Amino acid sequence: MNKPMQLTDSHGRKINYLRLSVTDRCNMRCVYCMPPEGIAKIRHDAVLSYEELLLIAEASVSLGIEKIRITGGEPLVRVGIVGFLEKLSRISGLRHLALTTNGLLLDHLADDLHQAGVQRLNVSLDSLKPDTFREITRGGDLARVLAGLDAAERAGFPPPKINCVIMRGINDDEILDFAELTRRRGSAVRFIEYMPTLKVDGWQRYCISGDEILERIAARYALEPLDKGRYAGPSCDFRITGSSGSIGIITAVSGHFCNQCNRIRVTSTGQAKGCLFSDQKTDLLPYLRPPDRERLAEVLRDIVSGKPERHDISSQGYKHNNFTMSQVGG
Ligand code: SAM
Ligand code: SF4
């Protein structure tokens, strides 16, 4: 049997994970992700077609990418998403196909997603209180997301991973409630540090470090560290002793994160990025219109080689251009 290709960057990190955004549109307006008015609409023809997204996915897998996560914006609002996922899941050499969603449409789509070959879902859920949830998402309906989580399990998915962005004074009073979900529901909850992508005034006051989150959980529960899975990426994982779920801490801001980074990203307009926080990006359109598979693969390999060693987001005087995560594909 042929040995699969391996992609390694110039800092010795194995890169096996592509985050592929299929849209920048969304049916929510989370406070940490988008400005209240939303974002300017991208011209329809600037958004990659499914054929073009598939070319990128195939080229990436041919180089050694083993896991693809579909993200956005909200991937489930794009028409035709299920058919696209079905095609992705048939790419030979792709070992893991996952999708991140806000869960609003999951109740209707869970069965189709499972049949299309999606293996794992991440659902973003920042509060278990309907009012707080509505405030954070600027109008989202918690009941629909919870129905979506149930539908996913009924459809045959493993319990979806729950992504929870913790913000001081907004939802940090719920850290233990989310930890409790890992015992009660066997959920995999991942606490994500709030990242100042929009740089709202005084953003620092919302930040809680992963260390503090962990300390608060450890003050209540006995925790044991877990081994990381092969595609796990930059989270530190724990389990409350005796529970079937898991707790992940993603310290995107406070650091200790970059040395384990295993990913590249491509936006829905075909901009490839080696680092979420770097302003450096490469336009893939010249290799897609018209398609040039060979050059596309070369350019993707260059993006991997050129991955910065680390971001400096937590350092004094750090500067980056404002961006909305929905446009980059968080
Ligand atoms: N709409 C989908 C969702 O919300 O799951 C997928 C796209 S969303 C941009 C992907 C992830 O990025 C979500 O889990 C969201 O919580 C996270 N995210 C967005 N902005 C963030 C920020 N400023 N800090 C931390 N996480 C953020
Ligand atoms: Fe939409 Fe996801 Fe951004 Fe919330 S985090 S506004 S659901 S893209």
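Start by selecting Thr101 and ligand 1: a polar backbone atom of Thr101 is 3.2 Å from an oxygen atom of the ligand. Bear in mind as you look around that this is a predicted model.

**Stop 1: around ligand 1**

Glu74 has a polar side-chain atom 3.2 Å from a nitrogen atom of ligand 1. On Thr197, a polar side-chain atom lies 3.4 Å from a nitrogen atom of ligand 1.

Next, show the whole shell. There are 19 residues around ligand 1, and those that come nearest are Tyr32, Gly73, Thr100, Ser124 and Met195. Colour the shell by class and you will find seven nonpolar, ten polar and two charged residues. To see where they sit in the fold, highlight the strands β3 (96-101), β5 and β6, each of which supplies at least two residues of this shell.

**Stop 2: around ligand 2**

Now centre on ligand 2. It is surrounded by nine residues, and Cys26, Met28, Cys30, Cys33 and Asn102 are the closest of these. The shell around ligand 2 consists of five nonpolar, three polar and one charged residues.

**Stop 3: helix α7**

Select residues 210-220, which form helix α7. Which residues of α7 are buried? Pick out Gly210, Ile213, Leu214 and Ile217. These residues lie on the same side of α7 because they cover an arc of only 95° around the axis.

What do the buried residues of α7 pack against? Show the strands β5 (161-166), β6 (188-193), β7 (223-225), β8 (236-240) and β9 (246-250), together with helix α6 (175-184). Two of these strands, β5 and β6, also supply residues to the shell around ligand 1.

**Stop 4: two backbone details**

Most residues other than glycine have a negative phi, and most peptide bonds are trans. Two places here are worth a look with that in mind.

Go to Arg138, in the loop between α4 (130-137) and α5 (142-155). Arg138 is not a glycine, yet its phi is positive, at about 55°. Its relative accessible area is 34%, so Arg138 counts as partly exposed.

Finish at Pro290, in the loop between β12 (282-283) and α8 (293-305). The peptide bond leading from Arg289 to Pro290 is cis, with omega near 0°.

Terms used: Residues are numbered from 1 along each chain as its sequence is written. Chains are lettered from A and ligands numbered from 1 in the order in which they are written. This is a predicted model: local features need pLDDT of at least 70, side-chain atom pairs count only at pLDDT 80 or more; totals for chains, interfaces and linings use all residues. Side-chain values use heavy atoms; hydrogens and water are left out. Buried means under 20% relative accessible area, exposed over 50%, partly exposed in between (1.4 Å probe, protein chains only). Helices (H or I, at least four residues) and strands (E, at least two) are DSSP runs, numbered from the N terminus. The arc is that of the directions from the helix axis to the C-beta atoms. Contact means heavy atoms within 4.5 Å. A residue is near a molecule or strand if one of its heavy atoms lies within 4 Å of it. Ala, Val, Leu, Ile, Met, Phe, Trp, Tyr, Cys and Pro count as nonpolar, Asp, Glu, Lys and Arg as charged, and the others, Gly among them, as polar. A polar contact is a pair of N or O atoms within 3.5 Å; within protein, one must be able to donate a hydrogen and the other to accept it, and residues adjacent in sequence count only if both atoms are side-chain atoms.
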